[in-house]
Amino acid sequence: MTTTTKPAAPVAAPATRRLGPARLALRQGRLEIRQFLRSRESVVFTLGFPVIMVLIFASIFKDEIAPGVSYTQYFVTGMIATGLMTVSFQNLGIWIPIERDRGVLKRYRGTPMPKWVWFAGKVIMVLVTGVVMTALLLAVSVTLFDLDLPGTATAWLTFGWVSTLGITACTLCGIAISSLARTARSGSAVVTPVALVLQFISGVFFVFTNLPDWMQQVAAIFPLKWMCQGLRAVFLPESFGAQEPGGSFELTRVALVLAAWCVIGLVLCLTTFRWTTRRDG
Amino acid sequence: MLVGRTLGGMSDEVAIRVRGLRKAYGDNVAVAGLDLDVHRGEVFALLGPNGAGKSTTVEILEGYRRRDAGEVQVLGIDPESVLGTRRARSSEGLAADWRSRVGIVLQGTGEFDELTVAEVVSHFAGFYPSGDDPDKVIERVGLAGKARARTHTLSGGQKRRLDVALGIIGRPALLFLDEPTTGFDPEARREFWELIRDLSAAGTTIVLTTHYLDEAEALADRVGVIAGGRLIEVAAPDSLGRRREALATVSWRTPDGQVESAESATPTALVTELAARFGGEVPGLTVTRPTLEDIYLRMIGQR
C-alpha cells in the first residue's frame, strides 16, 4: 500500500504554437485528399465514371445535332457539368453521413479546431478532384473525339466562372443534403436518385430542347441545367446559342441561378448542419 | 491500492462544479437534479447502470450537449457557451482555449479508415497550441508497433488506444474517459491503468465512466454512483456504501467436505476459534469483504 501525495501539476508546457488559418486549412485539405485517394472505390467512381460515360456515349452516337456541332461535343459539356456535380454534391452527400455516423465529426468537434477548417478541408478536396476530373475529361475528349478547347480568353473566363459557381453551389448543397441522411448507408440512397434524375432532365444525355416542356421547366429550377448551358457557351459555337430555350446561352441568367443556389445552399448548411447523428443528440 | 490520498492539502480549486443539472428527452428524464464536484488533480469515477444518466451528464460536461436546467462549470467555463447556444456563447478564441484544455475519449471510436495511426495522431496534434509529440504519445498508449498501420486494420483494443492517444495529444488539464477499456484484454487494461496513473501523477484531472468496478477501485480517488438521473453517493472506493463497516464473510470446509460460512464483525476472533477447533490449519479458509461490485449492486438494486 502506498500513500501517494500528488505532485503539483508541472506547468512546463512547451512554447505555444497555434497554427495559422492558412496552414490549418491546407493540412485539412491534404488529409481529405489523402483519404479520398486511398479509398479506391471513390476514386474509380468519382473520377472514372464521367470518363467511362463519355467513352460509351461518344462511341455510340456520332451524329451532328446542329450544323458543325456533333453530339459528342454536346455530351462532353454535359459530362463536365455532371462530373463537377459528382465530385461535390454526390461525393459530400455520400461521405459526410458516413463520417458523421462513425463519429469522426464528433471527434473533430471535441478539439480546438475552428469549425470552418473542417469545411475548408472538404472544399479543397472537392476543388482538387474537380480540376483533375475536368482535365481528364478534356484530355480524353480532345484526343479521341475531336473536341475543340476554348479558343478565346473570354471563353476560358466563362469556363472558369461557370465551373466555380457551379461547383460552389453543388458543394454547399452536398453538405446541406448530408444532414438528411439518418445513417451512414442512407447517404447514397438520398443523393444518387437526385443526381440521376437531374442528369436526365437537365440535358446531359439528351439534347435539352428535345425534352418535354414541363421537364425543361422543372430542370430550370436546379443548378445542373444551368451549368450545362454555361459550359455549352464555352465549348459550342456561338451560333448554337440560338437553339437554346431562351434563344441564347443566357449567361447572365446562368450566373444568377447558380449564385442563388450558392445562397440557398449556404443558408441550409448554416441552419441544418449536424456534427452528430440524430440519435446522438 | 491508493489509499489516503488527501485532497485537503491541495488547493481546493474545483475542476467541475455541477448544481441541479437537469436534462430530459421528451418525457424521459435522463438527469434529474444532479450535483457534482470534481477537484483539480483527482481521478473521479462515475458508476451507474446503462440509462442512469451517466453518458448524458458526461456529454453535457464535455460541451457536446445542451442541458435543460442547472449550473455547470468546467474549468471555469459553462460548457454550453462553447457549444454556442442561445443561453450562452463564448468567443471562438475562448472556446478553442477551453477545448484545448479538455481531452475527450468518447464511448464509440471515430474511425479514420484509410489513414495510419501516425497520420491521425499528428494531424490532431496540430489542432492544439501545446500538443504533445505524436511519436511519444503513440508509444505511450502502446501503439508504437502499429504507427504505420491503417486504422481500420487495428483490433478493437488497439482502436481504443488510438482514441486515448487522441484524447491526451493536447496535454489536457482535464481528461474525460468514457468506458475507456471496453474490449481490452487483461494485460492491456493493466497497462492502461498505468498510463492513467502517470497522467494523474502529472496533475491531470480525470473523469472516468466505467462498468468495471475493479477499474474504478484501482484508479479512482472518489467514485460517484448515478442512478435515476441523480448522484446517490460519492465516496472513496473503500468506503462507498459503508463498505468499511460491512461484515466480513469467513468460510471453511467442514471435515465431511461441506463448505460452511459465517458473517462476522470480528473475523479474526472467528478464525482463531476455527484454528483452535481444527488444531491448526483451517481447510479451505477464506475471509472476504464485500467487493465494490457487491456494494454497488446492492445500492443499485435498492432503487
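Student: Where does B:Glu179 lie in chain B?

Tutor: This is a predicted model, in which local features need pLDDT of at least 70 and side-chain atom pairs count only at pLDDT 80 or more, whereas totals for chains, interfaces and linings use all residues. Residues are numbered from 1 along each chain as its sequence is written, while chains are lettered from A and ligands numbered from 1 in the order in which they are written. Helices (H or I, at least four residues) and strands (E, at least two) are DSSP runs counted from the N terminus. On that basis, B:Glu179 lies in the loop between β6 (174-178) and α7 (186-201) of chain B.

Student: Is B:Glu179 buried or exposed?

Tutor: The backbone of B:Glu179 has a positive phi of about 45°, although the residue is not a glycine. A residue is buried if 20 or more other C-beta atoms, placed from the backbone, lie within 10 Å of its own, exposed if 12 or fewer do, and partly exposed in between. Because B:Glu179 has 20 other C-beta atoms within 10 Å, the residue is buried.

Student: How many other C-beta atoms lie within 10 Å of B:Leu75?

Tutor: B:Leu75 is found in the loop between β4 (69-74) and α2 (79-83) of chain B. B:Leu75 is not a glycine, yet has a positive phi of about 50°. The residue is classed as partly exposed because its number of other C-beta atoms within 10 Å is 18.

Student: What share of the residues in chain B is buried?

Tutor: Chain B has ten helices and twelve strands. Its C-alpha atoms fill a box of roughly 75 × 45 × 40 Å along the principal axes. Of the 303 residues in chain B, the buried share is 42%.

Student: How far apart are the C-alpha centres of domain 1 and domain 2 of chain B?

Tutor: Chain B is divided into domain 1 (14-105 + 173-238) and domain 2 (243-301), with bounds from an automatic or database domain assignment. The distance between the C-alpha centres of domain 1 of chain B and domain 2 of chain B is 37 Å.

Student: Which element gives the most to the side of domain 1 of chain B that touches domain 2 of chain B?

Tutor: Two residues are in contact if their C-beta atoms, placed from the backbone, lie within 7 Å. The contact takes eleven residues from domain 1 of chain B and eight residues from domain 2 of chain B. On the domain 1 side, two or more residues come from each of α8 (213-219), β8 (222-227) and β9 (230-235) of chain B. With three residues, the element that gives the most to that side is α8(B).

Student: What covers the buried residues of α4(B)?

Tutor: In helix α4 (residues 117-125) of chain B, the buried residues are B:Val117, B:Val120, B:Val121, B:His123, B:Phe124 and B:Ala125. Their cover includes α5 (134-140) and α6 (156-168) of chain B, together with α1 (21-38) of chain A.

Student: At what angle do the axes of α9 and α10 of chain A cross?

Tutor: Axes are lines fitted to C-alpha atoms, for helices over the stretch in contact, and angles run from 0 to 180 degrees between N-to-C directions. The contact is made by A:Pro223, A:Trp226, A:Gln229, A:Gly230 and A:Ala233 of α9(A) and A:Leu251, A:Val254, A:Val257, A:Leu258 and A:Trp261 of α10(A). By class, the contact of α9(A) with α10(A) has eight nonpolar, two polar and no charged residues. The axes of α9 (residues 223-235) and α10 (residues 251-272) of chain A come within 9 Å and cross at roughly 145°.

Student: How far apart in space are A:Gly29 and A:Ile124, C-alpha to C-alpha?

Tutor: A:Gly29 lies in helix α1 of chain A and counts as buried because it has 20 C-beta neighbours inside 10 Å. Leaving aside neighbours within four places in sequence, A:Gly29 is in contact with A:Ala120, A:Gly121, A:Ile124 and A:Met125. A:Gly29 and A:Ile124 are 95 residues apart in sequence, and their C-alpha separation in space is 5.2 Å.

Methods:
Nonpolar A, V, L, I, M, F, W, Y, C, P; charged D, E, K, R; others polar.
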